[in-house]
Amino acid sequence: MKKLFIVVVMSFLVLSACSKSGEDGVRTGKYGMMSEDTPQYRAVVFLRAVYNDDNIDRAVEMSTKRLGRIIKGFHTNKNVQRQLFSLRLDTMNTEPVSGGSMLFSERQEKADIEMKIIGYYEGDKITDLKTLSLIKVSGDWKVDKVSNTVP
């Protein structure tokens with residue numbers, strides 16, 4: 001009986017470790033099936049790193065060297081939100097704006113992705129649009145620039 005219990009627990013641990021995919025199980029896109037190789041996916045993961053992570057390390061990894069140095073200069077996520085995005089939020093959810101689909105994105109080297117950011121700050125709901133400019137560096141999409149979609 002004890003051996004059976006151990007086998008069941010070990011198989012559960014192995015299966016749960018194997019089932020986790022991508023960046024913290026990010027499910028986005030139509031039916032939650034966006035490919036991890038697209039610039040839209042990288043933009044979603046980058047924004048979640050800035051707004052939901054405890055530190056800026058993952059956001060720096062997903063940035064170009066230039067933007068990474070800028071982000072490191074802000075030291076904390078809250079400062080990055082305030083200075084780089086001009087949008088401070090307590091909780092956040094984001095998705096690419098539809099209509100910005102890119103055909104053959106695996107062949108492109110640059111992409112501008114419009115992101116819809118919905119969140120709450122001190123109980124008030126805030127919706128904003130930001131454009132993330134990404135470039136392909138050594139086969140990986142890196143965020144190069146953040147700008148306001150609507151000036």
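S3 and S4 form a hairpin with two residues between them, and Ser138 in the turn takes a positive phi of about 55 degrees. Strands here (E, at least two residues) and helices (H or I, at least four residues) are DSSP runs, numbered from the N terminus. The model is predicted, so local features need pLDDT of at least 70 and side-chain atom pairs count only at pLDDT 80 or more, while totals for chains, interfaces and linings use all residues. Residues are numbered from 1 along each chain as its sequence is written, and side-chain values use heavy atoms, with hydrogens and water left out.

S3 and S4 run antiparallel and are joined by eight bridges; two strands count as paired if DSSP finds at least two bridges between them. Strand S2 (residues 110-121) pairs with strand S3 (residues 124-137) in the antiparallel sense over twelve bridges. S2 and S3 also form a hairpin with two residues between them, where Glu122 in the turn has a positive phi of about 50 degrees. Two bridge partners are listed below.

| Residue | Bridge partner | Strand of the partner |
|---|---|---|
| Ile118 | Thr127 | S3 |
| Lys136 | Trp141 | S4 |

The four strands form an open sheet in the order S1-S2-S3-S4, with antiparallel pairing. Strand S1 (91-96) and S4 are the edge strands, each pairing on one side only. On average, neighbouring strands of this sheet are turned by 35 degrees against each other, direction ignored. H2 packs on the sheet and touches S1, S2, S3 and S4, and its direction makes about 170 degrees with that of S1. Contact means heavy atoms within 4.5 Å. Axes are lines fitted to C-alpha atoms, for helices over the stretch in contact, and angles run from 0 to 180 degrees between N-to-C directions.

Helix H4 (residues 65-74) has Leu67, Gly68 and Ile71 as its buried residues. Seen down the axis of H4, these buried residues fall within an arc of 105 degrees, so they line one face of the helix. The arc is that of the directions from the helix axis to the C-beta atoms. Lys65, Arg69 and Lys72, on the other side of H4, are exposed. Buried means under 20% relative accessible area, exposed over 50%, and partly exposed in between (1.4 Å probe, protein chains only). The cover over the buried residues of H4 includes helix H2 (39-52), helix H3 (57-61), helix H5 (77-85) and strand S4 (140-148). Just after H4, His75 takes a positive phi of about 70 degrees.
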